[in-house]
Amino acid sequence: MAADKINIAIAGIGGFGRVHVRWVQSLCERGLASCVAFCETNPDRSRDLAGRLMAAGAAHYDDYSRMLRERTNIDLVVISTPIHLHKPMCIEALRSGCHVLLEKPPAVTVQDIAEMLAAQRSTGLTVQVNFQNTSGQAFRLMLQKLREQAIGKVRSVTGIGKWKRLQAYYERTPWAGRLTHDGRLVLDGTLSNPFSHLLNNCLIAAFAGEEETSLPTRVQAELYHAYDIEGDDTSCVRIDTPHGVSIRFYSTLCHGESTEPVIRVEAERGEMVWGYRNRLTITEADGRQTDYTFGEEQGVEAMYLNCFAAIRERRTELFSPLSSTYRFVASLNAALESSGPPRAIPFEYIRRQREQQSELRTIDNISAAIDEAALSGKLFSELPAPWAAPSRPFDLHGYERFQPAWLAGSGGIGNNAGAMR
Ligand SMILES: NC(=O)c1ccc[n+]([C@@H]2O[C@H](COP(=O)([O-])OP(=O)(O)OC[C@H]3O[C@@H](n4cnc5c(N)ncnc54)[C@H](O)[C@@H]3O)[C@@H](O)[C@H]2O)c1
């Protein structure tokens with residue numbers, strides 16, 4: 001590492017990679033980093049960005065392994081490629097001696113993240129997962145209050161996410177909304193992708209103060225889709241923890257408008273509500289209420305700066321170390337084990353309308369169904385919502401491998417180590 005600058009290479013500059021390019025360039029302009037290379041297999045899609053990076057001295061590669069072999073001065077590899085490439089790319093970067101800033105979800109399966117963790121531990125290098133919502137001041141304050149048991153022992157943590165996504169969202173890239181792509185598992189859906197931040201924060205809040213190795217004991221989930229996809233666009237999940245906190249999670253992308261995702265924590269002596277707008281409200285049992293608002297923060301930038309600090313100074317605590325995301329991947333896999341393949345919601349409950357040269361699908365009364373379920377801790381089938389079907393709880397004791405029988409034959413289970421196509 002140069003004395004004061006972190007040498008960065010980016011893998012995947014299209015899609016969300018644009019955001020990484022923007023922040024890397026900003027960090028370079030401030031003299032904190034230098035972008036030495038980038039790997040992109042489809043540079044034509046992002047010709048403007050590729051041109052800017054090359055003009056600033058970064059070398060373009062279309063072969064990731066070659067980039068790592070030839071550019072021996074890379075300190076940090078930023079991986080913003082499709083989900084099924086995260087594992088092989090992360091492990092290869094670590095074996096080449098590079099720290100990693102890895103896009104979420106970190107891995108497709110528990111067996112994949114276990115391999116990645118083994119590589120991270122054996123090299124001792126830093127892997128930060130870009131769950132940028134872990135960095136906000138309001139969320140960090142909530143974690144501190146939870147660790148201090150400021151409102152007593154926690155009973156439940158409830159996450160609610162209602163967003164609007166058009167059909168175009170699923171057409172942006174070939175693996176979007178797919179369980180498998182190119183013969184390999186992707187498991188892309190609402191839980192694993194857009195609302196992964198919310199689910200991950202629910203897990204962190206529910207396990208605040210517990211050992212990192214402590215895992216959920218049981219997951220029961222119902223996964224649905226209104227769009228023509230394989231994954232889920234509407235889901236509910238109930239997660240039990242060994243220390244008695246119940247996590248309830250409700251999310252949909254089939255809502256008429258996007259609202260602020262929130263997490264509600266209920267405890268012995270009050271309640272906390274955290275929201276994506278970087279705010280926290282604590283209400284104590286006697287009705288006293290304290291509001292904390294911190295204004296807009298740049299979450300992705302904060303993840304970089306935190307990662308740089310950890311690379312320079314090992315004692316710095318990462319906002320989202322790879323090890324802390326094992327629970328998230330295990331819960332995600334267990335949700336699919338519990339629900340089985342996401343179910344299509346019958347057309348009679350779906351409204352379809354043209355919007356921005358695409359199609360919007362909304363589910364009748366989905367907002368009320370989520371609110372009612374969140375209040376009572378029920379799953380959709382327990383309300384009962386007319387389109388919902390019950391699932392079975394899935395036990396996570398000794399859970400080491402995602403391999404549900406219903407996916408057999410669709411190809412590629414546990415086979416995400418293949419070529420980086
Ligand atoms: N942190 C966030 O808020 C956030 C938001 C959106 C997406 N993401 C994550 O970012 C990642 C990418 O998602 P996306 O929607 O941008 O996907 P995408 O498919 O649109 O973009 C991926 C990019 O990687 C490139 N690529 C594919 N294979 C490659 C290879 N072998 N080597 C180099 N480049 C390769 C593609 O050409 C493309 O430019 C996913 O993990 C996604 O979950 C994170």
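**Helix packing, a buried glycine and a covered strand**

User: How do helix α4 and helix α5 pack, and at what angle?

Analyst: This is a predicted model, where local features need pLDDT of at least 70, side-chain atom pairs count only at pLDDT 80 or more, and totals for chains, interfaces and linings use all residues. Residues are numbered from 1 along each chain as its sequence is written, and side-chain values use heavy atoms, with hydrogens and water left out. Helix α4 (residues 86–95) and helix α5 (residues 110–123), both DSSP runs of H or I with at least four residues, have axes 9 Å apart. The axes are lines fitted to C-alpha atoms over the stretch in contact, with angles from 0 to 180 degrees between N-to-C directions, and the packing angle is about 10°.

User: Is Gly12 buried or exposed?

Analyst: Gly12 lies in the loop between β1 (6–11) and α1 (17–29). Beyond its neighbours within four places in sequence, its contacts (heavy atoms within 4.5 Å) are Gly17, Cys39, Glu40, Ser80 and Thr81. Its relative accessibility is 8%, and the cut-offs are under 20% for buried, over 50% for exposed and partly exposed in between (1.4 Å probe, protein chains only). So Gly12 counts as buried.

User: Which residue in β19 is the bridge partner of Arg351?

Analyst: Strand β18 (residues 350–355) and β19 (strands are DSSP E runs of at least two residues) pair in the antiparallel sense over six bridges; pairing takes at least two DSSP bridges. On one side of β19, Ser358, Leu360 and Thr362 are all buried. In β19, Arg351 has as its bridge partner Thr362.
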